[in-house]
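Let's take a friendly look at how two protein chains meet. After that, we will turn to the build of one of them.

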Amino acid sequence: MNFDKNKDANEKNAVQYDDDVRDLVVARLETLPAGAVISIGSGQELTKEKLIQCVKEGNETGQKMMEIEMSFLQGLKDGILYDEALAFN
Amino acid sequence: MTKRLLLTRPDHDYATRYLSAWAEKFFDLAKEKGCSIIDLRRERANRIEVESVLSKRNPCFVVINGHGGDDLVAGYENKPLLIAKTNSSLLKGKITYAISCQSALVLGEEVGRYKDTAYIGYKDDFILLYLEKYRTRPTEDNLAGLFLEPSNLVATTLLKGHTAKESVLRARQEFLRNIQKLLTSKTTTDDSSALRYLVWDMKHLTLCGKGDKKL
């Protein structure tokens, strides 16, 4: 079931990640433990192998994984791991 | 007067079974604090039952375990339970915690505008990482625990009499503690691969509405 009524708009506005980012995300996903499953979105439960495939294909789930990875790296730069980052904006 | 806690636990896939099993961890505390639990499990996690409980039994605390979207939270077999501009007013005057994807974005914002109401949820996808081998015994899965212990802290903090804002802060602190533990201890690469997803959930856990509301 697709819950996201803004999906089309989101897809149009989605950031396009280049091959370097894709390769980075694949490399990071390779470090997931064997037998790991990620639950993401409206009921999707994806194994490590399936996630890597999604990233390589660049589909919606793959784009999401790239967004999460880039958000993490950006967050490190912005000090998200310090206590003050927890404060309410 | 006895406080009532409404809980939905659809249990129709592995993710919702994990949420359901981990939610049981705060049942004892709820009872100890004098709360009666209205547990809508599996097929009972449907819109008709939820609407009926909310309007007739007036729980002060609502915990939704399930999938969702920006304007709704869902129950058994992903059928919508509470939807923005449709039946969200049933959450008026209550504290709601939705362990669900994206619902804080539209539904939570709308609910948070009602008087004397708080809605805690996630502005984007709630990510849960778990291990296949623990599917039949989710509470033994320490990897999933990195995500679900901070999440449960929202409920336990509220049950202990703290405010909605404090519950979110404590949960975020617990996410951060898990992140820092993974960064600084001699954990395996396996565990540290969870980092980015913990950061994601911590970042998107949000409070809408009245921050000083208590149960």
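## Where two strands meet

A:Ala36 stands opposite B:Leu131, a residue of strand E9 of chain B. Strand E9 covers residues 128-131 of chain B, and E1(A) pairs with this strand in the antiparallel sense over four bridges. Strands here are DSSP runs of E with at least two residues, helices are runs of H or I with at least four, and both are numbered from the N terminus. Two strands pair if DSSP finds at least two bridges between them.

This is a predicted model: local features need pLDDT of at least 70 and side-chain atom pairs count only at pLDDT 80 or more, while totals for chains, interfaces and linings use all residues. Residues are numbered from 1 along each chain as its sequence is written, and chains are lettered from A and ligands numbered from 1 in the order in which they are written.

## The contact between the chains

How many residues of chain A are in contact with chain B? There are 27, and they touch 32 residues of chain B; a contact means that two C-beta atoms, placed from the backbone, lie within 7 Å. On the chain A side, strand E1 (36-40) and helix H4 (60-77) each give two or more residues. The largest share, six residues, comes from H4(A).

## The build of chain B

Chain B has eight helices and ten strands. Its C-alpha trace spans about 50 × 35 × 35 Å along the principal axes. Among contacts in chain B between residues at least 6 apart in sequence, 69% join residues at least 24 apart.
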